[in-house]
Amino acid sequence: MVAASPSFLSIRYSACGKRTKTSYKLEEGVKKGISMNIYVGNMPYSMSEEELKETFGAYGAVASARLVMDRETGRPKGFGFVEMNNADEAKAAIAAINGNSFGGRELKVNEARPREERPPRRNFGGGEGRGFGGGEGRGNGGGHRRF
């Protein structure tokens, strides 16, 4: 009897609020629970994805490394995620790197928590017209008030 390759289902919400399901099969040799996603916080803003990958690469194979960017400015937010293929190597990297200084900042490193399922965001036609401040020249300083 041949064991079937396990498959998993991922549910995500698109930008327009549609719920999408994606099923995928794990690659041969990689089983559920072996890879680990790692949170890296308090990073210097100058740190690149390549530097992040190299830092963790000293402890094992890094599947991916990504910095979380601010949508408005396009600059890094100071935290990111690293995915390592082997959980034992990932735990060794967490133990070794957590608390170490990098670029003058003490890194906070731990196993990433699963992302919470959230309903899609709704846009109620927001934008600049949300306040009740009136227009220019009405004696209240002009422009829109922001709450």
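Student: How many salt bridges does the count come to?
Tutor: The count comes to one salt bridge, meaning a side-chain nitrogen of Lys or Arg within 4 Å of a carboxyl oxygen of Asp or Glu. Keep in mind that this is a predicted model, where local features need pLDDT of at least 70, side-chain atom pairs count only at pLDDT 80 or more, and totals for chains, interfaces and linings use all residues. Residues are numbered from 1 along each chain as its sequence is written, and side-chain values use heavy atoms, with hydrogens and water left out.
Student: Which residue does E106 pair with?
Tutor: E106 bridges to K108, with 3.2 Å between the closest N and O atoms.
Student: New topic. Which residues have the most contacts inside the largest nonpolar core?
Tutor: I38, V40, L52, F56, V82, M84 and V109, in a core of 19 residues. Such a core is a set of buried Ala, Val, Leu, Ile, Met, Phe, Trp, Tyr and Cys residues joined through side-chain atoms within 4.5 Å.
Student: And which element supplies the largest share of this core?
Tutor: That's α2, with five residues. Helices (H or I, at least four residues) and strands (E, at least two) are DSSP runs, numbered from the N terminus.
Student: Back to R115: where does it lie?
Tutor: R115 is in the segment after β8 (108-111), and R115 counts as exposed because its relative accessibility is 69%.

Note on methods:
Buried means under 20% relative accessible area, exposed over 50%, partly exposed in between (1.4 Å probe, protein chains only).
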